[in-house]
Amino acid sequence: MQVNNMKVKVFSLILVLLLLLSVMPAMAQEGDPIVVGGTLSLTGFLSPTATLHHVAGQAFVANLNENGGLLGRPVEWIVLDDESSADNAAALYERLITEDEVDLLMGPYGTGNITAAMNVAARYGMVFPHHTASLTYVYDYEYHFPAWHIGLNTHITTNNILYDALESTGTPPGTIAIVTNQFPGAMNLAFGNDVLEPGGAAHMAEERGWEVVLEVEFPSGTTDYGPIAAQVRDADPDFLWVGSLGADGVNLIEAMEALDYHPRGQFYLWPTPGPLLDLGEVAEGAFSVTLFEEHEPFLSNIGAIDMVELYHAAAEEAGLPPSSQIVDVQVAASWSAWQTLVAGVEGAGSLDQDEIGQWLLENGVDTVIGHLAFDPEQNNFSEDLTRIKQIQDGKWVVVWPAEFAAPDAVPIYSADAE
Amino acid sequence: MQLFIQSLLSGILIGGLYGIIAVGMTLNWGIMRVINLAHFSLTFLAAYITYQFSTVTGADPFLSLFITLPLFFVIGLVMQWFFETFQIEGFVSLLVTFGLFAIFESIMREIWTADLRTLPLDIVPYRVESFWIGPYALRKPQVGVFVAAIIVSAATWVFLNRTYIGKALRAISQDRVVAGAFGVNHRQLALLLGGMMGVYAAIAGAFIAVLFVLRPDGTVDFIGVIFAVVMLGGLGNTVGAFGAGVIIGVAQSLTSATIGPGFSPLVTFSLLILVLLFKPEGLFGRSATS
């Protein structure tokens with residue numbers, strides 16, 4: 001009888017424990033929410049890509065709350081629309097800090113907006129994780145934490161990674177054309193800057209003995225790519241390097257196709273990835289940069305599989321077109337920025353900005369794009385984690401460096417191609 | 001030389017697109033005194049509907065005109081009814097239509113999100129195909145919009161100058177009260193003109209869906225240049241709008257090919273300032289309404 005009583009007690013205890021475990025996340029989230037403030041370009045010319053960051057951020061926060069929140073409190077994300085304007089971004093971050101008194105900040109989308117908002121964050125000593133800033137040489141604020149981990153000298157290193165990929169084919173280009181949007185980040189990658197040592201796509205190509213046969217800059221909002229395409233056709237380079245954003249790449253490829261001109265090799269810097277895939281055969285073989293694609297070894301990074309599943313569902317629910325439901329560099333960078341913020345707060349065990357900032361500087365953070373180390377000597381960048389991807393058989397796959405390439409994927413390019 | 005001629009042709013054709021968008025704007029402004037910013041977002045709304053029609057049915061995007069032409073005639077008519085009922089014109093119309101512009105843009109963003117949308121090439125393979133004159137390529141959809149612009153601007157000119165209704169519309173643009181005294185029902189004619197604006201937006205939208213990657217705020221890429229085309233062509237002058245579209249298209253294209261694309265806006269607006277200084281009624285004058 002006593003044995004039976006004991007069994008009942010143990011069984012009851014297990015039941016109570018199970019019950020407690022099942023409600024723990026909900027219990028853990030009792031209390032005022034931790035408010036994270038930030039802006040995104042929900043309207044304006046940056047909105048197509050910022051939309052991906054919005055969907056990714058919402059999915060991350062929802063998942064965070066379902067799993068116990070942060071420091072045992074639920075997380076609320078206030079997102080304001082900066083309308084793709086750096087001035088607006090700065091003003092709204094000022095408001096988030098001084099009027100809304102948010103606990104934490106999350107950076108906006110786009111180099112210009114991030115740069116403007118970072119100045120505000122610095123003034124108030126707020127920790128500032130961000131996803132996509134590319135003017136690495138101007139960010140000397142100690143508590144900015146870039147997820148777009150492209151190294152301080154991205155104007156040199158990123159181009160070298162691409163050019164190494166081309167040379168790995170054994171038939172590298174002898175001539176190159178540089179066509180770029182006048183967006184500051186793209187200009188830095190194309191022609192370098194006056195602060196650091198010389199670099200940029202043109203300079204780095206010349207260092208390898210490749211002749212730069214064409215340099216064209218075009219403004220955002222260009223509606224007729226015909227004349228640019230005609231210049232490329234006339235120059236007929238072995239390789240076309242395009243500092244593109246959003247739909248620039250699609251527009252230029254279509255304009256070249258209309259002239260019946262097919263570059264032997266082509267690179268697009270920061271395209272919105274879906275529309276290029278939608279072009280089908282015409283865009284086959286195009287190169288771009290990435291920090292993450294949906295294959296190994298990236299899927300082994302911390303949180304990567306969760307991110308892929310959660311983002312797919314969230315993107316579908318948000319009504320994004322199928323080609324934008326794929327996780328790529330933009331979504332992964334967004335996710336990494338959130339992982340950085342969460343790791344900093346949990347590591348510090350508080351919302352104190354200095355404690356969070358110092359913890360991140362000392363420890364770095366493992367994210368979906370790999371380990372991010374924040375080196376103050378390198379403006380909180382460290383190694384350039386850029387990988388080169390290429391459209392092969394209608395899909396983006398990483399092809400370089402070899403250790404990050406998709407199974408059996410290698411760069412496909414030949415300067416001798418017809 | 002080949003680059004120069006190719007760019008010249010490209011500029012002439014893209015001028016057709018500017019012209020077809022500007023025709024609606026210039027009539028609204030010149031005859032009804034409504035500076036209709038909503039015309040831009042209405043055009044893009046038509047483009048999105050064209051996109052939706054084609055991607056869902058797999059049919060040629062221009063077949064969507066069977067839906068969009070009557071639909072946008074009604075939308076244009078309702079908008080004009082609104083302007084007439086609340087006597088919205090001049091500077092006030094700029095403010096009111098800016099509000100409508102924002103509303104239409106929000107609707108597009110809600111339905112199609114801010115993500116980029118483009119018609120698949122297997123539905124519109126001719127988007128990247130060209131007619132060839134020797135070594136020179138004429139992109140098929142650009143040729144299409146150029147021809148459409150000629151037809152629309154010329155037909156509208158004939159309508160305004162050779163028909164009783166057209167003459168009545170011109171009379172309204174000069175003096176509504178006097179026109180009314182002669183038995184012209186300005187309200188009915190205004191509604192008709194509003195419907196026509198909607199039809200023009202639908203036609204331009206179909207071409208935009210074929211030619212461009214869509215985003216809800218894509219309108220901003222056109223506002224500056226279309227205003228320049230309208231001013232250059234002369235308010236209310238549809239043939240002028242077409243001519244000015246071609247002039248600006250060519251100026252932009254040649255600048256882009258010879259100096260650099262970054263200088264295109266500079267050339268466009270310098271041209272506009274020069275014309276406004278020395279020929280303020282526009283290069284082609286207000287021939288349709290004066």
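Student: How many residues does the contact take from chain B and from chain A?

Tutor: In this predicted model, the contact takes 43 residues from chain A and 34 residues from chain B.

Student: Which elements give two or more residues to the side of chain B that touches chain A?

Tutor: Those elements of chain B are α1 (2-32), β2 (136-139), α9 (220-233) and α10 (238-258). The largest share, six residues, comes from α1(B).

Student: How do the residues on that side of chain B divide into nonpolar, polar and charged?

Tutor: The side of chain B that touches chain A holds 14 nonpolar, twelve polar and eight charged residues.

Student: Let us turn to a strand. How many of the six residues of β13 in chain A are buried?

Tutor: A residue counts as buried if 20 or more other C-beta atoms lie within 10 Å of its own. In strand β13 (residues 387-392) of chain A, five of the six residues are buried, and the strand is thus described as mostly covered.

Student: Which strand do four bridges join to β13(A)?

Tutor: Strands pair if DSSP finds at least two bridges between them. Here four bridges join β13(A) to strand β10 (residues 287-290) of chain A, and the two run antiparallel. Within this pairing, Phe287(A) stands opposite Gln390(A) in β13(A).

Student: How many bridges join β13(A) to β14(A)?

Tutor: Five bridges join β13(A) to strand β14 (residues 395-400) of chain A, again in an antiparallel arrangement. Gln392(A) stands opposite Lys395(A) in β14(A).

Student: What do β13(A) and β14(A) form?

Tutor: They form a hairpin with two residues between the strands. In the turn, Asp393(A) has a positive phi of about 55°.

Key:
Residues numbered from 1 in each chain as written. Chains lettered and ligands numbered in written order. Predicted model: local features only at pLDDT ≥ 70, side-chain atom pairs only at ≥ 80, totals over all residues. Contact = placed C-beta atoms within 7 Å. Nonpolar A, V, L, I, M, F, W, Y, C, P; charged D, E, K, R; others polar. Buried ≥ 20, exposed ≤ 12 C-beta atoms within 10 Å, placed from the backbone.
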